[in-house]
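Me: I would like to learn how to read a structure like this one, feature by feature. Could you take me through it slowly, giving the general idea before each case?

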Amino acid sequence: MKKPDYIFESSWEVCNKVGGIYTVLSTRAKTLQDAMPDRLIFIGPDCWGDKQSPFFIEDDTVLADWRVQAKADRLIVKIGRWNVPGMPIAVLVDFKQYFERKDVIYTELWNDFQVDSLHAYGDYDEASMFSYAAGLVVESIYKFRGLDSKKVIYHANEWMCGLGMLYVKKHLPKVGTVFTTHATSIGRSIAGNQKPLYDYLWAYNGDQMAGELNMQSKHSIEKQTAKYADCFTTVSDITAVECKELLDKPVDVVLPNGFEDDFVPKGAAFSKKRKAARKAILHVANCLTGCEYPEDTLIIGTSGRYEFRNKGIDVFIEAMNRLNRDKNLKKPVLAFVEVPAWVGEPRKDLKERVDSGKKYDTPLDCPMITHWLHNMSHDNVLSMMKYNDMWNRREDKVKLIFIPCYLNGNDGIIDIPYYDVIIGKDLSVYPSYYEPWGYTPLESVAFKVPCITTDLAGFGLWANSVKGGYSEITDGVKTIHRTDYNYSEVADVIKDTVSEFSSLTESQVKKARAAADKLSKKALWSEFIKYYWQAYDFALKNK
């Protein structure tokens, strides 16, 4: 197997926390950095300007020999380390100077690789100019260090880094190029536009759908990058099918998303944090709804990006609505939707109650949301709750609360980071319709919180493959069969699963939590990194 001497990896989410790709790269970094110290170089966008990024530590000693050359090549960069375990080298590049040349860059891209940038809008230009700048950084270091005789990999993540990979392909022909699409832009768009993706996947023409959905440029750069990459990869078997059908290119290697569990507390610290989380969650719920919650209240939730249909937020709300009328439910349920919306400010009336430390027996107005929104009357979660007549009344066995902000420990109400909240839950629910992998369920089981997901999520399919059949809640993960059309059945299975969980004995719950923990250990990077070595080997042999 050919192993690289150097890896350059670019992503919009290097030192820039936006979504799941940040977790993929930042947790994988240590495993690769241990294997090849300081020969792994991440390239990300300088989004911070004069402000200090909390994810990046500038360091004059890193790539010190190359700095003069970078200036000579007119590159505007910050050089240092990504502030994550392993502390890999990171170069943040300012790409604004290339906007004035974008038409020339796009023309070359068309002539060399037939990428259609004519219909570009929104974030296409910004991503492409960053990607171009990342390609220039790699070229500059490669030539300065004389890496011609070395085995070098350039790994581009998502369509946003496609232009840079194609630049490297043209100007540094000996470099092995790897392209990972974490979700096809056109697949996500089809799903997000309420169109059935799966039953008709074989019949969709990616180019035609890109025209219909005004996605021509993003689709084009993604398709051509996949075509010209020495190794084309994605994150799950379900997305591999999507790539073949919509990008007309089968993937060469599937790279499942692993993680490190060093952020999960151990032993007594785990129990202490779980107890503190439950106390805080139940207190906020009491202050908002004016109801008492006993110690054995089932705390469940869903979280992630605010993609109402794709992430299954709609079916979760429907399931909680049905659960409220379920005669088999043995415990009160406190359910949370934790997705960042167009948040205005923390509720002052709720903040006063929370800070007082007292217990309350009267609800606040609008007792289903913790922060005010700019668009209260047009928000999907609130609209569906109103439609379903879900007002968290005293007699409701199921109370549903919307936390519409990032749980960063400083939101003004909860004031506890996401991981310190999830540890207090009993169950999590991620009934995704479109989910190439799914970090949220993986994080959930790492905290010994059993979860419910679907077989339209890469993670759900993986859990099934480990079990050798459909995974059940007693296995740590309940995987529900989901199609384009069985929304109502999925809502019922979620309802029934929560109801079943509410009647489990203490020892049965312990077993389910232990099974969740055990499953999470099978998704550590130490287990999954082998697929990356395969991809690098494939790319280097394809030169």
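Me: How many residues of β5 are buried?

Reply: A residue is called buried under 20% relative accessible area, exposed over 50% and partly exposed in between, using a 1.4 Å probe and protein chains only. By that rule β5 is mostly covered, with 5 of its 5 residues buried. This is a predicted model, in which local features need pLDDT of at least 70, side-chain atom pairs count only at pLDDT 80 or more, and totals for chains, interfaces and linings use all residues. Residues are numbered from 1 along each chain as its sequence is written, and side-chain values use heavy atoms, with hydrogens and water left out.

Me: Which residues of β5 point one way, and which the other way?

Reply: In a regular strand the side chains alternate between the two faces of the sheet. In β5, I89, V91 and V93 point one way, while A90 and L92 point the other way, and all are buried. The names come from DSSP runs numbered from the N terminus, where helices are H or I with at least four residues and strands are E with at least two.

Me: What does β5 pair with, and in which sense?

Reply: Strands of a sheet pair through backbone hydrogen bonds, either parallel or antiparallel. Two strands are said to pair if DSSP finds at least two bridges between them. Strand β5 (residues 89–93) pairs with β4 in the antiparallel sense over 5 bridges, and β2 is joined to β5 by 5 bridges, the two running parallel. L92 in β5 stands opposite G44 and is also the bridge partner of K78, while A90 is the bridge partner of G80. Between β4 and β5, which form a hairpin, there are 6 residues, and G86 in the turn has a positive phi of about 100 degrees.

Me: How do α1 and α19 lie relative to each other?

Reply: Axes are lines fitted to C-alpha atoms, for helices over the stretch in contact, and angles run from 0 to 180 degrees between N-to-C directions. Angles under 35 degrees count as roughly parallel, over 145 as roughly antiparallel, 65 to 115 as roughly perpendicular and the rest as oblique. The axes of α1 and helix α19 (residues 525–541) come within 11 Å and cross at roughly 75 degrees, so the two helices are roughly perpendicular to each other. Contact means heavy atoms within 4.5 Å, and here V24, T27, R28, T31, L32 and A35 of α1 meet W525, I529, Y532, W533 and Y536 of α19.

Me: Finally, is T289 buried or exposed?

Reply: T289, which lies in helix α10, is buried, with a relative accessible area of 2%. Leaving aside residues up to four places away in sequence, T289 touches T362, P363, P367, N392 and I401. As for the helix around it, α10 is followed by G290, whose phi is positive, near 70 degrees.
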